[in-house]
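Here's a short tour of one protein model. Take a look at it first, then read on.

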Amino acid sequence: MPEVATVEGIGAHAGRTVTLRGWLAGRRSSGKLHFLQVRDGTGTIQCVMAKAEVPAEVFALADHLPQESSLIVTGTVRADARSPIGYELGVTDLRVVHQSADYPITPKEHGPAFLLDHRHLWLRSARQHALLRVRSEVIRACREYLDGHGFLAFDAPILTPAACEGTTTLFPVQYFDETAYLTQSGQLYAEAGAMAFGKVYCFGPTFRAEKSKTRRHLTEFWMVEPEMAFAGLEEDMDLAEDFLVHVVGAVRERRQPELRALGRDLAPLARVEKPFPRITYAEALDILRKKGFPLEWGADLGGDEETALSQEFDRPVMVHR
């Protein structure tokens, strides 16, 4: 039996016969050739089937396969400079595990409402793959940094008895004969944990009952919250700076193909290096007033102000005191 390989690791099998297990992302034919785009969860590869190299029934079967059919494909790995991954598979055998029927997400354009209604299938698309791989890498890098710098992972409850942020953004939940709330933050629990262990962090889902559809407001999101005993402002800023540099660097190093697939400009990410500019609140107000923001002392800095400030620097900036 040929060795089972993945698309992600296909380069290690160049010149050898392997088996891939995946799904048909797309198909086109050209006379005596079928070009099958097969994805296996780690990537997508073009599988070229020549009529002269497979049994007649296999070639005929491949001519009518619906999108997202489950396949087991065997063939020889060949280098191909035209391929986005540098390789293709010359097919010698094909087995259909399951033929899909009426797969709704076709190559044509679909609106957001349609795609969200079919979210469980939308996950199979290239863009969603890239997004979730980048997200997974961010999570791994967060834990990697904190675990490597003496922080203890400290899980806080999701059902809580009280608010730690504004009480108007709580989701109430019936908890037997009492009312509990979906957590807004693990902060209060992590603060208690820091008094026991010195350095801890919470990393989990948080909920805010805010009816706002912006990039800055979500009803549910994951948040990482380090807490340190005996740390002052300078140590806090040092940690934030070092942590962010590590996370951005890890994602940029390990997920460049996904970032490019998302159309992300990598140049700004490359500039996320220490030291970050550190300015006082008074200095921030001075910059913003010169840019036309009529701010009084004590005013909060919102999204527009944060964007305007960040445009003055080539990397993240910290506003303090």
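A quick definition to start: a residue is buried under 20% relative accessible area, exposed over 50%, and partly exposed in between, using a 1.4 Å probe and protein chains only. You'll find Phe230 in the loop between strand E12 (220–228) and helix H6 (233–254); helices (H or I, at least four residues) and strands (E, at least two) are DSSP runs, numbered from the N terminus.

Asp102 is another non-glycine with a positive phi, about 55 degrees. Asp102 sits in the loop between strand E6 (87–98) and helix H2 (112–117) and is exposed, with a relative accessible area of 77%. Now for a peptide bond: the one from Lys274 to Pro275 is cis, with omega near 0 degrees. Pro275 belongs to the loop between helix H8 (266–270) and strand E13 (278–280).

## Where the numbers come from

This is a predicted model, where local features need pLDDT of at least 70 and side-chain atom pairs count only at pLDDT 80 or more, while totals for chains, interfaces and linings use all residues. Residues are numbered from 1 along each chain as its sequence is written, and side-chain values use heavy atoms, leaving out hydrogens and water.
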